[in-house]
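Dear colleague,

I am passing the structure on to you below, and after it you will find my notes on what came out of it.

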Amino acid sequence: MLLMPKRDWQWNYNDAYGVLSVSLGSEMEFLTPYKMKTLIPDALMELEFNMDHAKFYIEFLDLLSKSLRITGALQVQLALNATAAHFLLKPQMPKSWFFSTSSMCVFSELGKIFHLSCQGGKAQVLVVETSVQASLVMLLEKELQLSDSKSLGQFECIKVMHDRLHPIMVNRQIVAA
C-alpha cells in the first residue's frame, strides 16, 4: 500500500541524524539522505508538506509505477526523496566532468532512468528535475565513486548535462507480419 499525503505531514531537519526528514504523522518519520549543507535555508526549520509537494509526490509515484517494477515501499522512498530534492535542495551547477559523454542524444524527463558512466563504472540514476540543458538526477545504486576522494551515496543527487545521460537499452523484438 502506498502512503498518500495527509495534512499533518511536514518537513523537519532532524538534528539527531543530521538530515532532512518528513514527519508522516505522530508515529512515523522518514529520513532523507540530504544533509544541512545541501539544503535551502527554509528546509532547516519546520516546514509544511504543502499542496505543491503533495502534487509532485503523487505524480512521481504514478511515474514510478509505470516505469519501474519495484515494491510500494521503494516507490514511496524514491518519491519522498525526489520531492525533497526537487523542492528543498540548493540549486546546483552541473558537475558533468565526472562522467563520460553519451554517444546518443537523449530526451530527459521527470522520472526517467538513465545510466551515468565514470571511472569505468556505470550506475543507474533517476531524473528528479530537468531543464533545457541539464537534469538533477538521483543515484539508485548503493554508491558511485566519482573520483579518488569523492563519492555519491544512494539517493543523493547530482546535476549533469544531458549529453552525459546514457539511455538504458531495452531489447525489443520486432515481428513483421
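In what order do the four strands form the open sheet? The order is β3-β2-β1-β4, with antiparallel pairing, where helices (H or I, at least four residues) and strands (E, at least two) are DSSP runs numbered from the N terminus, and two strands pair if DSSP finds at least two bridges between them. At the edges lie β3 (29–35) and β4 (47–48), each of which pairs on one side only.

Please bear in mind that this is a predicted model, in which local features need pLDDT of at least 70 and side-chain atom pairs count only at pLDDT 80 or more, while totals for chains, interfaces and linings use all residues. Residues are numbered from 1 along each chain as its sequence is written, and side-chain values use heavy atoms, with hydrogens and water left out.

Within the sheet, β1 (residues 10–14) and β2 (residues 19–23) are joined by five bridges in the antiparallel sense, and W11 has V22 in β2 as its bridge partner.

Turning to helix α1 (residues 51–67), its buried residues (under 20% relative accessible area, with exposed meaning over 50% and partly exposed in between, for a 1.4 Å probe and protein chains only) are H53, A54, F56, Y57, F60, L61 and L64. They lie on the same side of α1 because they cover an arc of only 165° around the axis, the arc being that of the directions from the helix axis to the C-beta atoms. On the other side of α1, M51, D52, K55 and K66 are exposed.

Best regards
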